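Here is a short briefing on one structure. Look it over, then read the points below.

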Amino acid sequence: MNVNQSAPPVPPFGQPQPVYPGYHQSSYGGQPGSTAAPTPYGAYNGPVPGYQQTPPPGVSRAPASSGAPPASTAQGPCGQTAYGQFGQGDVQNGPSSGVQMQRLPGSQPFASAPLAPVVSQPAVLQPYGPPPTSAQVTAQLAGMQISGAVAPAPPASGLGYGSPTSLASASGSFPNSGLYGSYPQGQAPPLGQGHPGAQPPQRSVPPQASSFTPPASGGPRMPSMTGPLLPGQSFGGPPVSQPNHVSSPPPQALPPGTQMTGPPGPPPPMHSSQQPGYQLQQNGSFGPARGPQSNYGSPYPGAATFGSQPGPPQPLPPKRLDPDAIPSPIQVIEDDRNNRGSEPFVTGVRGQVPPLVTTNFLVKDQGNASPRYIRCTSYNIPCTSDMAKQAQVPLAAVIKPLARLPPEEASPYVVDHGESGPLRCNRCKAYMCPFMQFVEGGRRFQCCFCSCINDVPPQYFQHLDHTGKRVDAYDRPELSLGSYEFLATVDYCKNNKFPIPPAFIFMIDVSYNAVRSGLVRLLCEELKSLLDFLPREGGAEESAIRVGFVTYNKVLHFYNVKSSLAQPQMMVVSDVGDMFVPLLDGFLVNVSESRAVITSLLDQIPEMFADTRETETVFAPVVQAGMEALKAAECAGKLFLFHTSLPIAEAPGKLKNRDDRKLINTDKEKTLFQPQSGAYQTLAKECVAQGCCVDLFLFPNQYVDVATLSVVPQLTGGSVYKYACFQVENDQERFLSDLRRDVQKVVGFDAVMRVRTSTGIRAVDFFGAFYMSNTTDVELAGLDGDKTVTVEFKHDDRLNEENGALLQCALLYTSCAGQRRLRIHNLALNCCTQLADLYRNCETDTLINYMAKFAYRGVLSSPVKTVRDTLITQCAQILACYRKNCASPSSAGQLILPECMKLLPVYLNCVLKSEVLQPGAEVTTDDRAYVRQLVTSMDVAETNVFFYPRLLPLTKSPIENTTEPPAVRASEERLSNGDIYLLENGLNLFLWVGASVQQGVVQSLFGVSSFSQITSGLSVLPVLDNLLSKKVRGLIDSLRAQRSRYMKLIVVKQEDKLEMLFKHFLVEDKSLSGGASYVDFLCHMHKEIRQLLS
Amino acid sequence: MATYLEFIQQNEERDGVRFSWNVWPSSRLEATRMVVPLACLLTPLKERPDLPPVQYEPVLCSRPTCKAILNPLCQVDYRAKLWACNFCFQRNQFPPAYAGISEVNQPAELMPQFSTIEYVIQRGAPSPLIFLYVVDTCLEDDDLQALKESLQMSLSLLPPDALVGLITFGRMVQVHELSCEGISKSYVFRGTKDLTAKQIQDMLGLTKPAMPVQPMRPAQPQERPSVSSRFLQPIHKIDMNLTDLLGELQRDPWPVPQGKRPLRSTGVALSIAVGLLEGTFPNTGARIMLFTGGPPTQGPGMVVGDELKVPIRSWHDIEKDNARFMKKATKHYEMLANRTAANGHCIDIYACALDQTGLLEMKCCPNLTGGYMVMGDSFNTSLFKQTFQRIFSKDFNGNFRMAFGATLEVKTSRELKVAGAIGPCVSLNVKGPCVSENELGVGGTSQWKICGLDPTTTLGIYFEVVNQHNAPIPQGGRGAIQFVTHYQHSSTQRRIRVTTVARNWADVQSQLKHIEAAFDQEAAAVLMARLGVFRAETEEGPDVLRWLDRQLIRLCQKFGQYNKEDPMSFRLSDSFSLYPQFMFHLRRSPFLQVFNNSPDESSYYRHHFARQDLTQSLIMIQPILYSYSFHGPPEPVLLDSSSILADRILLMDTFFQIVIYLGETIAQWRKAGYQDMPEYENFKHLLQAPLDDAQEILQARFPMPRLDFFCPK
């Protein structure tokens, strides 16, 4: 540190340090390590001093700031190191930088021992220590902006130094920037990013992020604080405030509130960027400090300049929080990857929070279900409903009963308990699981769910060892694993008959539109080969699934493809008003037996309808027909419907075009999401009763009323795919890929899922694609490995910490070979009497999954605005509760977020901005309905990336580096026009090409010589034999492989009109449809919280 | 002068007409006192190899209410080129084409021997014959196989441009599209749902979708055939296809649980067939040929439930009002029959099953449309196979002996009115000046529609003399009747056959003997029998018998000669002598007696009775019994057990059945094998003679009678 502190600056700081010392020293102490940075800091320091001087007069800042900002960015990296040093050496610089540094380290430590690092940071950290998780974001508007600038360091110092410093710091930072000139390249604001190179490592530290927050905040805030005056308060608070909190800038007293101080301390941004935890200090927005902030703002113009790099900052300077200062999803994800990706997650311990969904990790099942099957919003449940109410944190589990596992993890063992069937508790019917207590020497067992004492059947008897465990516990999956399957006996089957293997029925729209778009021909061609890949059980040689074919327009055509026929027979049913199945024998056939006839049929279909002029279609009768066919065959199965247009032909389920954009933002908007007629629900109910799952592929050219058509797939556990304006040339790959995947995926049929819980809580609400005829049983005509059910729990009694809470999810289903099975997932959770425990064991991704589903269901019955407000309110309550009960006391102006939930605002904002809750002008009613139903059965990983897309820079890292590049935050500010980025959200995939990308890159990626020659909207990258091309294509492939749906690539050129579309996915920015930017939303959230607290 | 017998016979041969009275009582009052109404049996299309049709159109009386056709009875003024209508006395100009007419250059229709003449209408495009097969697939495999073969065989008998269609039914009804390559296509309907004609046509895509796209005129006529041709195709085009299709027909695949009847949707199948033709070829000759192997068991027109333990209705059930489906089913089929008749199509029913098949309910379909009804035990019998084949028999010109869509119009001179008709026809409800207020049979009209007829189809037509007693007809006056039959010949030509007959009026008071002598007791018996059977359809059996008895008594009272209190003195003249005997047999015939017959059988018998010509009808009323012996040629013997003698062979023909009965001795000889010994060749001949005769009858009759061979042990 000392070194860096470029002699000059240091001194000044040094002086101020005194104050800090206490803080920083401690905190920094740990960090000193970072040496490299020093130099840069030096630079800062240089300027800083000047600032400091200025500080007194608010005005002075302006100049300073101007100078500083740029530096900040550049400095970022350096700064950190430098700061670190500073921290040690000089309080001021140190703190800020140190903070960052620390955080990094800290974060890691958090992972293991959360706060450790934090601790390093003086007072502030300590507080964190306990709550390691929480990140503080000081919200000081001014600070924020400033923070953007390298300022952080300075501010810190400033803080340390005293009020004056704060200002100075800010300004100082700027100057630095100037000095650092070079750094700026990195782009000041993004410092975090700019630093990337350097940061990465630091980031790795992220875990500390939480810890960071404090420091960062500290740094920046300090200054701001000072400015605001509140310092005293803030300080008091801030210091205490754990990293998690974001201190509102103004109030914070410089000294204590390392965090607080933050506000002015532009530095925070840096931190923030790296680690969310930080407090953004936006005096303006949150704090009372506003006045001053604004002032800052103006003075800072310089900051703006910093911003210049990002651009946007300038306009809003006054109010803007530095984006880098606020919790960054990217950082959190990176941190978690680094910290938790290497060790397998062992499920043996109750109430463990699993790694994030974005982290690759192995799971070892030692008695609890893998997080791949079940994820909870919190792994520590409040003991009482009062607590739960207070916290407002929804208690929910996201269950994916048939989740696919990576090849390294074994799929659940199948247990056969023989004729008597699976062993269950006599009273609550829970299935034997590792939590059952064997007593009386093993002759009886006590149910862990209802405490009933049951006899152990003689054939199941086993002695207990000295710990009370059965001797054979480890030989029996149901006694040692979290997930396993039982073979079901005939008692578990419909009509007490073992099921017949299921059937697939392909129902193809052959109306004019379908034929003309080439869909029919394409599909028939594909089916010929696809039928060889029907899902099969384990090692079976061929699939037991039988297939049938129907085509339709205004009438239905069934096909008899019995193997004995010389040619297929077509049977037309025109009586769509009263649908029935015209044949029994020969409709559902074994593929290999009837191959010749089927092939002949698939050859014929496109020919037969090649000249059709029928444009009208029916829909409900088609579903009905499929269902009746399965009923007649007495089996479960799946319908694959390929449909093109609004069913306007005279028939049940006839729909009219009711698309009306005028309804948006009115009380009637909800009708756009509701089905037009109840007929589809009734139909769906019948389908469920028959175990008939419906997958719908839509190829609309215009409004098809997805809201109504998707009712049946939705209630039967099916999927909806939508290909607007389908053209074979453009959409073939996407459609075929989805189709292949959909046909091949393993499905459980005719399933019933029940979630049992130990006394004290119970499952009260369910979200997903299924039907419920009573309040407990989730009925799924079909369930595949992508479908997820979110279950909400409520208290109905007290829980106790000792026993914890148990969940058992039992899924009874028919495998694709026709075997009836029960899949059991068990999960034990902790219970707590302290709210802090709850907040420490939450999972924001899961929470967002729940909240999104809750909101998306809400739009069916309430105006969208109400839904949005509810979400915001709930979020505010959650955070306010934390602030009130868990965070160490701090100024009211400080935004303090729990470490585990520091991303809640950003994610929630994404949900609020999603097309369902805030449609843009280009979003159709169908799109909204489509997305709405998609989200309903998404798992946590899918919602995560869906709401916060991944933005991957492709040309930043060396070509040789084959690992996936680290993502950047989804904001236009993060795009550099000299680079190429890939953006994906699980449904869409964009390749954004900056306008000034090197020609060589263009050449090697697109095979054209210049940017202008790239075709906008291109959906396929040319196959070129060079490293970059291979790498990018490889990356695209691997991204696609990760998602359950094929993402069509769209190449977007900077400044092109397609860019509008792309920008929609830059979710941290203000959206065109009026969605708030992350920063703005955070401010808003802070305001809400403050209101709640006051 | 020829005897009345000869006169009657000549008239029948020339005009296909037999009157109950050949001299007519001249007043209403007297006519009613004659007991047997003035009526005739008309065989409209009686085969006349010697009568070549003329290739021009008839000349009509210009009076709009008359429109009688120029005939030999008209007064013609050759010089003025005028003719006077003999029905309304309107004077008419000959059309220009007749400019060259003179006493020596008469057109055919004025020549006396052309009292029956046939015109060929040249206008209008010829419409093809249409055969729509409606096939039950709920058959035993043997039966189905036999039926398939018969159907395939029939294809070869159809003229190449005839249109054919195929509908199969079981639990579902399938309308097969015949022009598909590479895939066989059919439209399927649920067998339980009654559909309106419009629905059926919509579902088959027969209705033109409102064509907003191109209202181009020329397109329309082109598309017309293409639409209908999906289901009805010229045989020469789809011969192979259809043969294969028939070959691939499978039994109805839906499982039939133990103790149940297969679900058979006959009602819907017929309804769809009717709707299909209605939508595509109204007023074009078409046969719907229904082949069924059991009763309809579901949907509209169901006759019995599918529970085997509940038997199909019997006469007993009907009397007890226990036939729960009968009324509804009958209504359904009547509705169909009426629609079919309105469209000029006819429905045949070929029912082959051991049990009843619901002919009682379905009878109106053939009865009202002139279709055939064939009943057999199995499709796999020669009885069915040959009967079916006979439908497609051809006349000397190589044309099918069937005609379609006929309308029969009756015109009478003023003293007469027409009271009704009994036969395979429906009323066209044309009220004209010659329509009587009293109805006998289907009355209240002067025109009837006969959708399907063949050369033997015979109607009973009943008249009423309306001349008042105080308005005497001048001596030698004649009453005239003109029968005009428009029809579609099997060569697809439209033709008109005109028969004009006249009979003398006679005053009963003074000329009773004349009238008596001109009584045609055979025709009278059949005409009375038709009335009786017609009544029996709606009235209680005993009432009909009582009515018949009373008529007989009144007739005897009127024409018999007897002394009071002296039964032995009763005498009837020759022309009446057989009449009581006919009535006797009629009383105990299956047409009036239901005992020992199922309702289906009764319907079957009555159906045939109402359409056969006089000779066949008489056989039905009074079976023929011939006795064969070494003592001479076969001789008719009494229908009495006394006719059974040991050394005779009996041949009985009841129309529906032919029985050969060997006397005891004959049987023993045969058993001993004498017929194989050269020296007993005469015995061989004796054995062979009735067989040959039976064969001859079999060859000529439709439907094929059952041949039984009795041989006492």
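A:Thr936 touches A:Gln714, A:Phe767, A:Gly768, A:Ala769, A:Thr788 and A:Lys853, leaving aside residues up to four places away in sequence. Contact here means heavy atoms within 4.5 Å. The model is predicted: local features need pLDDT of at least 70, side-chain atom pairs count only at pLDDT 80 or more, and totals for chains, interfaces and linings use all residues. Residues are numbered from 1 along each chain as its sequence is written, and side-chain values use heavy atoms, without hydrogens and water.

**A:Thr936**
- A:Thr936 lies in helix H37 of chain A.
- A:Thr936 counts as buried because its relative accessibility is 11% (buried means under 20% relative accessible area, with a 1.4 Å probe and protein chains only).
- A:Asn495 is 441 residues from A:Thr936 in sequence, and their C-alpha atoms are 31 Å apart.

**Helix packing**
- H34 (residues 844-858) and H37 (residues 925-936), both of chain A, pack at an angle of about 140°, with axes 9 Å apart.
- The two helices, H34(A) and H37(A), are therefore oblique to each other (angles under 35 degrees count as roughly parallel, over 145 as roughly antiparallel, 65 to 115 as roughly perpendicular and the rest as oblique).
- H34(A) brings A:Ala852, A:Lys853, A:Tyr856 and A:Arg857 to the contact, and H37(A) brings A:Val931, A:Arg932, A:Val935 and A:Thr936.
- By class, the contact of H34(A) with H37(A) has four nonpolar, one polar and three charged residues.

**Annotated span**
- An unreviewed UniProt entry annotates residues 748-831 of chain A as "domain: Sec23/Sec24 beta-sandwich".
- Residues 748-831 of chain A are 0% helix and 64% strand, and their end C-alpha atoms lie 33 Å apart.

Methods:
Chains lettered and ligands numbered in written order. Axes fitted to C-alpha atoms, helices over the stretch in contact; angles between N-to-C directions. Helix = DSSP H or I, 4+ residues; strand = E, 2+ residues; numbered from the N terminus. Nonpolar A, V, L, I, M, F, W, Y, C, P; charged D, E, K, R; others polar. Buried < 20%, exposed > 50% of the residue type's maximum accessible area, 1.4 Å probe, protein only. UniProt positions renumbered as here; feature names shortened; annotations may be inferred.
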